[in-house]
Amino acid sequence: MASTPPPGEDAPAPHRVPEISSLGLDTLVTEVSERLQSAAAVTDRMQRLLEAVVSVGAGLDLHATLERIAAGAADLVDARYAALGVVSPDGHGLSDFIHVGIDDATAARIGDLPTGRGILGALIERPEPLLLDDLAQDPRSSGFPPHHPPMKSFLGEVIRIREEVFGNLYLTEKRGGGGFTPEDAQVVHALAAAAGVAIENSRLYEEGRRRERWIAGAAAVTTALLSTDEAHAALTVAAEQVRELADAALGMIMLPTADGGLRVSHASGESAEYVTGELVPGDGYAARLRGGESVFIEDMSQDPALVMRLARDFGPSMALPMVSAGRALGGLVVWRSRGARPFTDAEKELAQTFASQAALALRLAEGQRDQQRLAVFQDRDRIARDLHDLVIQRLFATGMMLESAARRAVVPEVQDRIGTAVDELDATIQEVRTTIYALQHDDHGDEPDTLRTRVLREGSQAAAALGFKPSMTFVGPVESLVGDATARQLLAALREMLSNTARHARASRVGVEVDATVHLDDEGRPVSGDPQAPGRPGRPGVLLTVTDDGVGIPPGGRRSGLANLRRRAENLGGAAWHEPGPDRRGTRVRWSARL
C-alpha cells in the first residue's frame with residue numbers, strides 16, 4: 001500500500017535512469033581496447049624477439065650466426081636493409097661486413113664493402129646506440145657510392161662480448177615510412193645482448209676447430225716423417241699444411257745458406273714455382289729468423305723493405321723460426337693475398353707450435369743427410385782405392401807389356417799400332433786418375449741441391465772425360481725461374497752436349513752458360529733486344545749454350561745427338577741448334593725451353 005506524504009509536503013519527483021553516454025563509457029571502452037591492442041603488439045614483439053634470440057643461437061658457424069643476427073634485427077624493427085660490421089682488432093675500421101636486403105647483383109655494382117667511414121665510423125669511435133631520422137642531414141655522413149639504394153632512417157646498436165666491442169648492427173629504411181622509435185632501439189638492444197653470447201659461443205667453437213686442424217696438420221707432418229726414408233719430403237707436406245691451415249696463398253720452408261742468408265727449399269700455393277730456390281740476403285729479415293725471432297708484416301705490398309722478389313704481390317706475412325735444441329734450423333713462412341685480413345694472435349700461437357714440429361723434420365733430415373753422405377763418401381773411397389790399386393796398376397802393366405812387344409816387333413805398321421794403343425792406355429790412366437780425384441774431392445757436397453749446383457756437378461763429372469773442367473756462367477735467377485720439370489730436361493741436355501763434346505770435339509776449352517733472362521720467339525730462338533726493355537716481345541725462356549774450340553761438326557756427320565736435343569727442347573716449347581763458335585772456330589750448341 002502506497003504511503004501518503006504528510007500534510008503540507010510535496011510529493012517526490014519520479015526517479016530517472018542516467019544515459020550511458022553521460023557516463024563516458026565509450027571513452028573507457030576505447031582506451032581499454034587500445035591498451036589491449038598495445039599489449040597484444042608488445043606480446044607479439046616479445047614473441048618475435050624470443051624467436052630471433054632462439055634463431056641467433058641455433059648454430060655455431062660464426063659467419064652464419066652473424067647473418068642470422070642481421071636478418072633477425074631487420075625483421076624485428078621492419079627494416080628494409082640491415083648489416084653487421086665487425087670492428088677490426090686495432091679498433092679503427094671494419095674487418096668484415098655482412099649485409100641483408102641488398103641482392104648480389106646490386107652489391108657487385110656497388111663494389112667494395114664499407115671499411116668504417118662516415119656514420120659507420122662514428123659508431124665505431126663512440127660505441128653507443130644511434131637513432132637518425134635522415135642520414136643525409138647528419139654532418140658525419142659521407143654519402144653513398146654509385147648504384148647504392150637510397151637510405152634515410154637509421155638505427156645503430158653496439159654488439160659487445162662481455163666488455164669487448166665486437167661489432168655494430170646497422171638498420172636502415174623502416175618499412176611504411178617514418179623513423180625508428182625508441183621502442184625499436186630497446187628491442188634491438190636486447191637482441192644485441194643475446195647476439196654477443198651467441199657470437200662468443202661461435203668464436204669458441206671456431207677456435208676449437210682451428211686448434212683441431214692445426215693438431216691434425218702437425219700429425220700429418222709426423223706421419224710423413226715416419227712413413228718415408230727421405231725426411232725432406234715431410235717438409236713439402238709441412239709447406240702444404242701450413243698454407244692450408246693458415247688460410248694463406250703461399251706456404252714456404254726456408255733453410256739457411258752458407259753466407260748467412262736463407263733459401264726457399266719448399267713452397268706450396270700461388271707462385272710456388274717462382275719462389276722455390278730464391279735466396280733471401282742475410283741482413284734484416286733473414287738475420288732475425290736465423291736468430292730465433294718471429295717476423296710479422298701487416299702488408300708486404302706496403303712494406304718498404306722488399307723481402308723477396310714477389311713479396312709486393314702479397315699482403316699479411318708470418319715468418320716463424322724452426323727452433324730445435326736452441327738452434328734455428330730454418331724458417332716457416334706463410335703469405336696471405338693482398339687485402340686479406342692480418343693474422344690473429346691465436347693463429348700466430350698455433351703456427352709457432354707447428355713450426356716446432358717442422359723443426360723436428362729438419363733435425364731428422366740433417367741426420368739422414370749426414371748418414372747418406374757418409375755412406376756415399378765410404379763408397380767413393382772404396383771405389384777410388386779399387387781404381388788406384390787394381391785398375392790403374394793393371395792398365396800400367398798392360399802398357400809396359402805393349403811397349404816391350406813394340407820393341408820386338410819388326411813390321412813398322414805393327415809398331416805404330418802398338419804405340420797408338422799405348423797412348424790410348426796412357427790417356428785412359430789419366431782419365432781414371434781424374435775420376436779418382438773427383439771421387440775423393442766433392443766440391444759441392446755442402447750446398448743445397450739447386451739447379452745451379454746440379455749444373456756445376458755435371459761440369460765436374462764431365463771433367464774426367466774432357467781432361468779439364470769446363471767454365472760455368474749463370475745469367476739471371478736460374479734457381480727461382482726454372483721449374484723442376486724444365487730443370488731435369490736441361491740437365492739431361494747438358495749431359496748429352498758435354499758427352500758429345502768429349503767424344504768428338506777434341507777441344508782444349510769448353511764453356512757452359514745458362515741464361516734465364518732470354519725471351520723466345522715462336523720457333524724457340526732468342527729474341528734480340530734489351531733484356532730489361534719494357535714490353536719486350538716473345539715469351540720468357542731459358543737458354544743453355546755449350547761452346548768449344550774443337551774441330552767442329554764435319555759436313556754429313558751423324559746428327560743423332562742433336563736430334564735428341566731437339567726433341568727434348570720442342571716438348572718444352574723451345575728449340576735446339578748448332579752454329580760455329582767465336583771466330584768460326586769450334587762449335588756452339590744451343591738448347592732452349594719456355595718458362
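Predicted model: local features only at pLDDT ≥ 70, side-chain atom pairs only at ≥ 80, totals over all residues.
**Entry 1: Asp549 and Arg509**

I started with the side chains of Asp549 and Arg509, which meet in a salt bridge at 3.8 Å, N to O.

Buried or exposed, I asked of Asp549? Its relative accessible area is 17%, so Asp549 is buried, the cut-off being under 20%. Arg509 comes out at 55% relative accessibility and counts as exposed.

**Entry 2: the other salt bridges**

I ran the search over the whole structure and got 13 salt bridges. Glu347 and Arg336 make one of them, at 3.0 Å from N to O. That pair also links distant parts of the chain: Glu347 sits in helix α9 and Arg336 in strand β11 (residues 327–337), eleven residues apart. I checked burial for this pair too, and both Glu347 and Arg336 are buried.

Next I looked at Asp379 and Arg382, whose closest N and O atoms are 4.0 Å apart in a salt bridge. How far apart are they in helix α9? They are three residues apart, so about one helical turn separates them. Asp379 is partly exposed at 39% relative accessible area, and Arg382 is partly exposed at 41%.

**Entry 3: second largest pocket**

I moved on to the second largest pocket and noted a volume of about 1,700 Å³. It has 43 lining residues, and those closest to its centre are Pro89, Ser95, Arg341, Pro342 and Thr344. Which element gives the largest share of the lining? That is α5, with eight residues. Elements that supply at least two lining residues each include β1 (79–87), β2 (94–100), β10 (314–324) and α9.

I also sorted the lining by class: 16 residues are nonpolar, nine polar and 18 charged.

**Entry 4: a valine patch**

Last, I looked for nonpolar surface and picked out Val410, Val411 and Val414, which form a patch there. Together they have about 270 Å² of accessible area. I placed Val411 in the loop between α9 (345–408) and α10 (412–440). Val411 has a relative accessible area of 45%, so I logged it as partly exposed. A patch residue needs over 30% relative accessible area, and Val411 at 45% is partly exposed.

Key:
Residues numbered from 1 in each chain as written. Heavy atoms only, no water. Patch = residues over 30% accessible without salt bridge, like charges linked within 9 Å, V, L, I, M, F, W, Y side chains within 5 Å. Areas by Shrake-Rupley, 256 points an atom, 1.4 Å probe, with all protein chains shown as cover. Helix = DSSP H or I, 4+ residues; strand = E, 2+ residues; numbered from the N terminus. Buried < 20%, exposed > 50% of the residue type's maximum accessible area, 1.4 Å probe, protein only. 1 Å grid on protein atoms, 1.4 Å probe; cavity = no way out; pocket = protein on both sides within 12 Å on 5 of 7 lines; lining within 4 Å. Points joined across faces, edges and corners; volume = space filled by probe spheres on them. Nonpolar A, V, L, I, M, F, W, Y, C, P; charged D, E, K, R; others polar.
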